[in-house]
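Hello,

Here is the structure I promised to pass on. Please open it first, then read the notes below.

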Amino acid sequence: MRLVVDERLISRLQLAGTVFAASVLVLGLGYFFIRQITEEYEVNIRSLEAQQIREGEEMLVRQVETAKGFLANLRVRAESVLKARIREQVDEAHALAEAIYEQERGRRPESEIKVLIAEALRPLRFFGGKGYFFIDGMDGTCVLLPIGRKLEGTSLMNNRDDTGHYIMRGLIEAAGRPVGDGFSRYRWYAPGNSREMADKIAYVRHFKPFDWLIGTGQYVSDEEAGLKDEALARLRSFRFGKDGSGYIAVLANEGRILVAPSQPWSEGLPITELNPDNQAVARTILSKAEKGDGFVSYDWARVGDDGPQATKLTYVSRKEDWGWTLAAGLFTDDVAAATAERRGALARSIQDKIQLTVTALAVGVAASVAIGVWFSVLTRRLVGRYKADLTRQNDELRKTARDLFLINTMVENSAEMVFLADGDWTLIYTNPFAQEQLGWTADQLVGRILSDIIAEIAPRPTEPNCAASCFESSLLTRDGRSIPVEIVSKDVGHEGVLYHFVIARDITERCRWETDLRSKTAALEHSNAELEQFAYVASHDLREPLRMVSSYLSLLRRRYGDVLDKDGHDFLEFAREGAQRLDQLVLDLLEFSRIDRRGSPMLPMNVGNAVELAIRNLSLAIDECGAMVRVDDSVGRASILGDSGQIARLFQNLIGNAIKYRAEGRVPEVSVDCRRIDEHYEFSVSDNGIGIEPQYFERIFGIFQRLHTRQDYDGTGIGLAICRKIAERHGGTITVESEPGQGSSFRFRVPAALET
């Protein structure tokens, strides 16, 4: 039978070929995708298990290191407190010695004054009766040693502790340092223990009149007992982990349980008194710590000794300076449970992917068959209309090319929420991430106006292919939530048709951070205001009891002056002078606190007037020493935005210091200059005085910081602190340049007044 080739045969062959090709392609793709998904599942499971173990180990290391950091900070803080206490005692003793010396100088021989000072300090005790004052000459001769009077008058220069350290040489070296830095560490016999030395921290100050050093010390061991108790109490309450079941265990390196939150009854016991299983675990931990930080595994009861046991992974680290071993652990079955939970979620996700793939393949086969049937019928019916069909197919191809171009553009930028709308802002495409965030499906979104979803849309550009618009807005989700987003909008033209391409980025976290930052900034400003108010109130209220002290001291002198002997009168005078100095300190502190609280508004002002006022206020001091003060003409032309009273005080303090700290035998010369730097004026006050050592450039601006004794130069050490605070209030800075013996130059920079 002859085969007739006609439209019917062609359509049937085309249909059969389409079905066969689609079936083969779908089966091949299905096998490939399902195999790829399965392999991805296995890789993810292995990665997940490794990640869980790694995260657990990292958490344990982090908790132990946090505990070690806490111990280190606690020790540093305790030692700082101890040093402050020692220094306070020595400062008081030094002040007492200075007072006796100043009172008796010229009245008694120096030998009697030395005895008077030594006997005044000999009976004084502190630190629970263990603390005492000692005096030594800078040549190593013992002047006062209350616990060893037989050594007084002998040289201790070669006296060493059990480590070979020369004790007296270390004290002499410390006495030569600036005030506040004269600390020395050595070992000495504690009271009641003449056989074993213990660590001791001492503080000494140089007493210039007799070339002495006056000092005291405290044993470190007296502070460590309370320090360790505090540390153990804090570590005992430390918890971590999702349910708070994690804790820190502490063992003494010599083999004693210090902290065991899961078995508190064992705390304080040596490991030899534990049951065999617990002994083995404790020895394992100590053995690992001795070799170095790392992990150990063992079986441990979850609750007490009678609870079920499970494998526990523990990180061990030794804190050598405390003599402790720290351990933090977690049960591996907890990690396995968390892994199993995540594995189940991953398995469900993979199963959903497989089902989706199978469904998509089935839909693809059905679509291929339907298209084949349709195309075969279409081929048979439309052979006579070939040209019309060809034109229509070309239109379809152009439409498909357009869709592929736009979809490809969006897919390449689909890391954020992506929207595509036509010229009327009607949605024609959204990416899966946008659908997930908004809670709508693609079918529910397509056809909607974009303004129904985005709260604000930037104005539309009038021309296609113009630059993108970037602005912030918010998206409305299906459940009514509002998501703050950053929008990038761009118009795209294709074959003369306008489309709107929009990318939205979720900025919820950024908004939360900005809100938190504003809140913390406001809290900080409030805290600073309260602190400033406290300084003002404290300084103001302290003056009343000081005035009362001075009044009653005067009353004692008038009423009982005839009864008191010479020493009594001297003591009253010392107390009165101390109260007056303290009152002056309080006045200075009160003035310091008023700089920000009581300052005048910032207004345009002429700096020359402020300098003239400062010089008039210092006229008496200038005339007394014959000082020469030169003011450059540029200073009178400078105009700044500031508080005229405070600027005058700043210049008065700087010029006054230049006159006060003048070099002996040299006429004081002070120069005030000015120069314009961009939007600021820089003023300088230079002198030919005694100068300042470079290491004190920053310290001199601190409140109550003095480089000289009160006998050399009077004052409270707050003048330069006030200068810095005034400069900072005006939005400026202040620095110093100096060469010892040649003079100093103080420079401060403040904003210039706006020119109108």
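A residue counts as buried when its relative accessible area is under 20%. Over 50% it counts as exposed, and in between as partly exposed. By that rule helix 3 is mostly covered, with seven of its nine residues buried. Please keep in mind that this is a predicted model.

**Overview**

The protein has 756 residues, and 37% of them count as buried. It holds 16 helices and 23 strands. Take the contacts with a separation of 6 or more: residues 24 or more positions apart account for 57% of them.

Which residues of helix 3 are buried? They are Ile167, Met168, Gly170, Leu171, Ile172, Ala174 and Ala175. These buried residues pack against strand 1, strand 3, strand 4 (197-207) and strand 5 (212-219).

Two or more lining residues come from each of strand 1 (134-137), strand 2 (142-144), helix 3 (167-175) and strand 3 (183-189). By class, the lining divides into twelve nonpolar, one polar and two charged residues.

Asp211 is not a glycine, yet its phi is positive, at about 55°. Most residues other than glycine have a negative phi. Is Asp211 buried, partly exposed or exposed? Asp211 counts as partly exposed, because its relative accessibility is 41%.

**The largest cavity**

How many cavities of 30 Å³ or more are there? The count comes to three. The largest holds about 250 Å³ of space. Its lining is made of 21 residues. Nearest the centre are Ala249, Leu251, Ala260, Ile285 and Trp300. Several elements give two or more residues to this lining: strand 7 (246-252), strand 8 (256-259), helix 5 (276-291), strand 9 (294-301), strand 10 (309-319) and strand 11 (324-331). Helix 5 gives the most, with four residues. The lining of the largest cavity has 14 nonpolar, six polar and one charged residues.

**The largest nonpolar core**

Now go further along the chain. The largest nonpolar core has 43 residues. Phe651, Leu654 and Phe683 have the most contacts inside it. Each of these elements supplies at least two core residues: helix 12 (607-617), helix 13 (619-625), helix 15 (644-660), strand 20 (669-677), strand 21 (680-687), helix 16 (719-729), strand 22 (733-739) and strand 23 (743-751). Which helix supplies the largest share of this core? Helix 15 does, with eight residues.

Leaving aside neighbours within four places in sequence, Leu654 is in contact with Val685, Leu720, Cys723, Ile734, Phe746 and Phe748.

Gln652 lies in helix 15. At 22% relative accessibility, Gln652 counts as partly exposed, because buried means under 20%. Beyond four places in sequence, Gln652 is in contact with Ala614, Asn617 and Leu618. Gln652 and Gly719 are 67 residues apart along the chain, and their C-alpha atoms are separated by 9.7 Å.

Asp632 lies in the loop between strand 18 (628-631) and helix 14 (633-637). Asp632 counts as partly exposed, because its relative accessibility is 28%. Not counting residues up to four places away in sequence, Asp632 touches Val672 and Asp673. Asp632 and Gly608 are 24 residues apart in sequence, and 9.5 Å apart in space, C-alpha to C-alpha.

Asp678 lies in the loop between strand 20 and strand 21. It is not a glycine, but its phi is positive, at about 55°. Why does Asp678 count as exposed? Its relative accessible area is 67%, and the cut-off for exposed is over 50%.

Best wishes

Technical notes: Residues are numbered from 1 along each chain as its sequence is written. This is a predicted model: local features need pLDDT of at least 70, side-chain atom pairs count only at pLDDT 80 or more; totals for chains, interfaces and linings use all residues. Side-chain values use heavy atoms; hydrogens and water are left out. On a 1 Å grid over the protein atoms alone, a cavity is a set of points where a 1.4 Å probe fits but cannot get out, and a pocket is an open set with protein on both sides within 12 Å along at least five of seven lines; lining residues have an atom within 4 Å of a point. Grid points are joined across faces, edges and corners, and a volume is the space filled by probe spheres set on the points. Ala, Val, Leu, Ile, Met, Phe, Trp, Tyr, Cys and Pro count as nonpolar, Asp, Glu, Lys and Arg as charged, and the others, Gly among them, as polar. A nonpolar core is a set of buried Ala, Val, Leu, Ile, Met, Phe, Trp, Tyr and Cys residues joined through side-chain atoms within 4.5 Å. Buried means under 20% relative accessible area, exposed over 50%, partly exposed in between (1.4 Å probe, protein chains only). Contact means heavy atoms within 4.5 Å.
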